[in-house]
Amino acid sequence: MAPPVRRKIRLTDAAVKKLPIGRSWDTEIGGFGVKVYASGKAQFILRYRGQQKQQREFRLGQVGVIGADEARSKAKILVGKIMEGSDPAWDRKVGLASARTFNEVIDRYLEWADGHHKETSLAEVRRYCRLHIRPRFGEFPVTSMSRGMVQQAYDKMRQGPHFRAKMIAWARSIWTWGEKRELVGDARNPFVIDVGVSKPRRSRVLTAEEYERLWAAIEKHRYRGAMKNVSLWAIEFMMLSPLRKTEVFRLRWENVDINRGIIRVVQHKTDQKDGALEVHISAPLKRLLKRMPRSCEWLFPTPDSATGHIMSLDRAWSQIRKDAGLLSDDRVTLHDLRRSWNSVGATLGYGPSVMGKVIGNSARVNERHYWHLQEAQRREVTGNVAEAIAAFANRNCRGNGETSSLEGRPPEPS
């Protein structure tokens, strides 16, 4: 492969306007040049080597804001300082960063997060910062952090891949937050690295036959006493509503208006942006709510939890799945009930936009994450579309006086 062409020209205001995309260099001052971007913008630059022999590039100013002569004068002054041991790019980086170490950025972020994050998110980021992010990256100056350094630290971690990816995601968010507030200067986010983890999107939905087995398993445990009624009620509630499990767990009776047929979900995934979500109470859900006793403020209370409401259904759901025969390799999760709820809506002819409004998602998010047709529907759609396309060929044959059936044609020679 041929080496890249090194364009050299005496940089003037007229010459700069005609330069192609890429870097072009001045014939008088070594390292002084112009970088033209694909967007059409251009910057005067000075390339040099720092004290550690690493190559640096200092931006002198945008073309059009300063002229070529002014940029050349700046370059001459900086070349003199560089020869005396100065490092202008590094000095600018240090000057822009108002935080010295990443620990300072974390401290500022956690103060801000206390009034902007939900309790669960705040507790999670505090835990990750205390146990993992601070010990590994907290003492480093923000001006010295690089993607290579973070990548090496990430590769040496022994935790599971999804755990490591979550830690890097939080650290990346903290850096981005600090970048918007000019705490880390203009350096690239060092936490934008290759985590090597891709979380596949689930498309598991319940079939009609699986729904029947699930209801039979619930009825089997309803009067046996081996499983708490509150767990059965919560599972049944999730089957009859489009809510997420954490939204169901936190429901209070004060937000349930059976007369109006509405449940106001105050704490949900996007409550800080969209406010309370109103879910209409269907007839089956209304019958369930009337069966449930009002023993306290929570719909699904338990004395074993510090919050007063249930926090998990893992044991109960595992037993229900087992009795329903849903413990295969493609096991059904509680969140699959929400996806299946949406799928049943598709079966009834409701589109992603309508269903998105019902469950509190935009049409785009609903179609991407939750809109999954059952296998019978996909087979039906595929067959109908293929038959419709084949009908065009039949119509063409009739117009030409040929046989109207594709099946009656002799096989084509190979």
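Predicted model: local features only at pLDDT ≥ 70, side-chain atom pairs only at ≥ 80, totals over all residues.
Local features are reported only at pLDDT of at least 70 and side-chain atom pairs only at pLDDT 80 or more, while totals for chains, interfaces and linings take in all residues. Numbering starts from 1 along each chain as its sequence is written, and side-chain values rest on heavy atoms, with hydrogens and water left out.

Starting with the sheet, five strands make up an open arrangement in the order β1-β2-β3-β4-β5, and the pairing is mixed. Here strands (E, at least two residues) and helices (H or I, at least four) are DSSP runs numbered from the N terminus, and two strands pair if DSSP finds at least two bridges between them. The edges are taken by β1 (7-8) and β5 (55-62), each of which pairs on one side only. Further in, β3 (residues 32-36) and β4 (residues 42-49) run antiparallel and are joined by five bridges; G33 has I45 of β4 as its bridge partner. Helix α2 (residues 68-83) lies across β3, β4 and β5, at about 15° to β4. Contact in this case means heavy atoms within 4.5 Å, and the angle, on a scale from 0 to 180 degrees between N-to-C directions, comes from axes fitted to C-alpha atoms, for helices over the stretch in contact.

Then come the rings. A search of the whole structure turns up 10 aromatic pairs, counting rings of Phe, Tyr and Trp (its six-membered ring) with centres within 6.5 Å; planes under 30 degrees apart are stacked, over 60 edge-to-face, and the rest tilted. Among them, Y109 and W177 have ring centres 5.6 Å apart and planes at 85°, so they meet edge-to-face. This pair bridges distant parts of the chain, 68 residues apart, with Y109 in α4 (residues 102-113) and W177 in α7 (residues 161-180). Y109 is buried, at 3% relative accessibility, and so is W177, at 9%; the cut-offs are under 20% for buried, over 50% for exposed and partly exposed in between, with a 1.4 Å probe and protein chains only.

Helix α7 also supplies W175, whose partner F191 sits 16 residues away in the loop between α7 and α8 (208-222). Ring pairs tie both into a cluster with F102 and F137.

Finally, the charged end of R164 sits over the ring of Y154, 4.7 Å from its centre, where "over" requires NZ of Lys or CZ of Arg within 6 Å of the ring centre and within 35 degrees of the ring normal. R181 likewise lies over the face of W112, at 5.5 Å from the ring centre.
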